[in-house]
Every structure is written in structure tokens, then in C-alpha cells.
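This report covers selected features of one protein chain. The sequence and structure follow.

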Amino acid sequence: MLSDIFPTGWHGVELSGFLPGESIAIYGAGPVGLMAAHSAEIRGASQIFVVDSHDDRLKLAEAMGAIPIDMRKGDPAQQILDATGGLGTDRGVEAVGYQCCDRHGKERSNYTMNCLVKSTKATGGIGVVGVFIPEDPNAPDDLQKEGKMAFDFGNFWFKGQKIGTGQCNVKHYNRRLMKLIEQGRANPAQIISHRLPLDQAPDAYKHFDERDAGWTKVVLKPGI
């Protein structure tokens with residue numbers, strides 16, 4: 001947990017410029033998105049929204065104290081706006097990346113970023129820890145193939161928002177996060193769904209990669 005997902009989730013919240021007492025929307029309820037929600041809770045968020053389209057992940061996000069937003073039920077940004085009196089959240093985190101899909105399940109690399117611009121308040125901040133790459137030759141549209149997207153820059157500029165991006169420097173965070181775990185202030189283990197022997201790794205990864213229900217986070221235990 002300390003080698004990747006917990007520091008990366010924390011990094012997403014940090015990149016957004018989050019301050020205690022603020023609200024935050026996290027797009028993606030995979031391991032990193034859930035850890036971003038956990039990080040925001042530890043850091044004193046007033047409201048935490050988590051957007052996804054998988055029942056098991058949304059249920060887990062809710063159990064962790066977040067407000068689940070099921071994107072299959074309608075525009076997720078509009079759902080967040082409706083829940084915040086039209087203001088939007090103070091901060092947002094992108095924890096999906098370039099292969100994100102719209103609410104109909106169609107791959108659209110710009111979807112979560114444009115939703116974040118819409119659901120984040122004016123002058124708010126957005127942290128991007130989902131992976132975006134310079135080239136994606138197998139992408140469904142020409143812009144994506146070149147690592148580009150139709151980004152809603154006009155609305156982003158008009159709202160005076162800020163974006164922080166980049167890969168997490170894990171060692172910048174993990175000793176402090178370890179102390180939070182040691183003192184009972186953090187519990188990243190709550191997202192673990194399976195503990196399996198090493199020889200079951202290929203099958204476990206297949207289930208996780210295909211987003212099969214209940215496969216949230218697998219821990220491999222050699223020797224069991």
C-alpha cells in the first residue's frame with residue numbers, strides 16, 4: 001500500500017491544493033481513487049464525492065465515508081452540482097487516466113477532465129494522478145492517438161481553476177503515511193478484497209483487470 005496506491009491517492013489530493021474543511025470530488029473508485037478518498041477524509045474534508053460505474057466500488061467508497069456518484073444514472077458532474085447547490089466542489093481528483101470512459105461505457109480520454117472542470121467550483125483546484133501518455137496508437141479517435149484531447153479550456157480559464165499533474169514521488173510521502181497507519185489514523189487495508197498465494201497471481205490480475213465484481217485490491221502472500 002505504501003509503495004504505490006496510498007501515496008498516489010494522497011498525492012492527488014495534494015496536487016488539487018486541498019485544505020481542511022473543503023469539499024472534493026474524486027473520479028475513479030479503483031485503488032488509487034479510494035485511497036484519495038481516504039486521504040481526503042484523514043485531512044479533514046467536509047464532503048467527499050466518488051464517481052464510478054461499478055456497484056462494488058461505489059459501495060466500498062460509501063462505506064469509507066464518501067458520497068457515491070453513479071455515473072450510469074446521469075451526468076456525474078451535474079449530479080455533484082445538484083448536491084452542492086450548484087457551486088461544485090472546492091477540489092477534484094482525476095484517478096482514471098487516458099482510457100477513461102463516458103457514462104455509456106465508451107472510451108473518451110477527455111471525459112473525466114471535462115467533468116472535473118464542470119464539477120469543480122470557480123477558482124478551485126484539480127489534481128491529476130490518472131496516467132495520460134504522449135501517444136496511444138490504438139485509441140478510438142485521432143486526437144487520442146496523438147496523446148491529445150478536446151479539453152474544455154475555455155470553461156477552465158473562465159472559472160480560474162488550477163491543475164496539478166504528475167507521477168507521485170512515493171518516498172516524499174510514505175514515511176509520514178506509515179506513521180498514520182502505525183497510530184491507527186489510516187487504514188488502507190480496508191480496500192483489500194482478496195489475500196491469495198503467489199501462484200494465483202495471473203488469475204487474480206485477470207479478474208482485477210476486467211473489473212469483475214468484488215475484485216478491489218489483491219494482496220499476494222507467497223508461501224500460503
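## Contacts of I48

In this predicted model, I48 touches I24, I26, A37, A40, E41, A66 and I67, leaving out residues up to four places away in sequence.

## Nonpolar cores

The largest nonpolar core has 31 residues. Within this core, I48 is one of the residues that touch the most other members, together with I24, I26, V50 and V93. At least two residues of the core come from each of α1 (5-15), β1 (23-27), α2 (31-42), β2, α3 and α8 (170-182). Helix α2 is the main contributor, giving 7 residues.

Another core, of 17 residues, lies apart from the largest one. Its members include M71, A77, M113 and L116.

Strand β2 covers residues 47-52 and strand β3 covers residues 67-70. The two strands pair in the parallel sense, with 4 bridges between them. Across this pairing, V51 of the chain stands opposite I69 in β3.

## Surroundings of H194

H194 is part of strand β7, which spans residues 194-196. Its side chain makes a polar contact with the side chain of S193, at 2.9 Å.

When neighbours within four places in sequence are set aside, H194 is in contact with G214, W215, K217, V218 and V219.

Methods:
Residues are numbered from 1 along each chain as its sequence is written. This is a predicted model: local features need pLDDT of at least 70, side-chain atom pairs count only at pLDDT 80 or more; totals for chains, interfaces and linings use all residues. Side-chain values use heavy atoms; hydrogens and water are left out. Two strands pair if DSSP finds at least two bridges between them. A polar contact is a pair of N or O atoms within 3.5 Å; within protein, one must be able to donate a hydrogen and the other to accept it, and residues adjacent in sequence count only if both atoms are side-chain atoms. Contact means heavy atoms within 4.5 Å. A nonpolar core is a set of buried Ala, Val, Leu, Ile, Met, Phe, Trp, Tyr and Cys residues joined through side-chain atoms within 4.5 Å. Buried means under 20% relative accessible area, exposed over 50%, partly exposed in between (1.4 Å probe, protein chains only).
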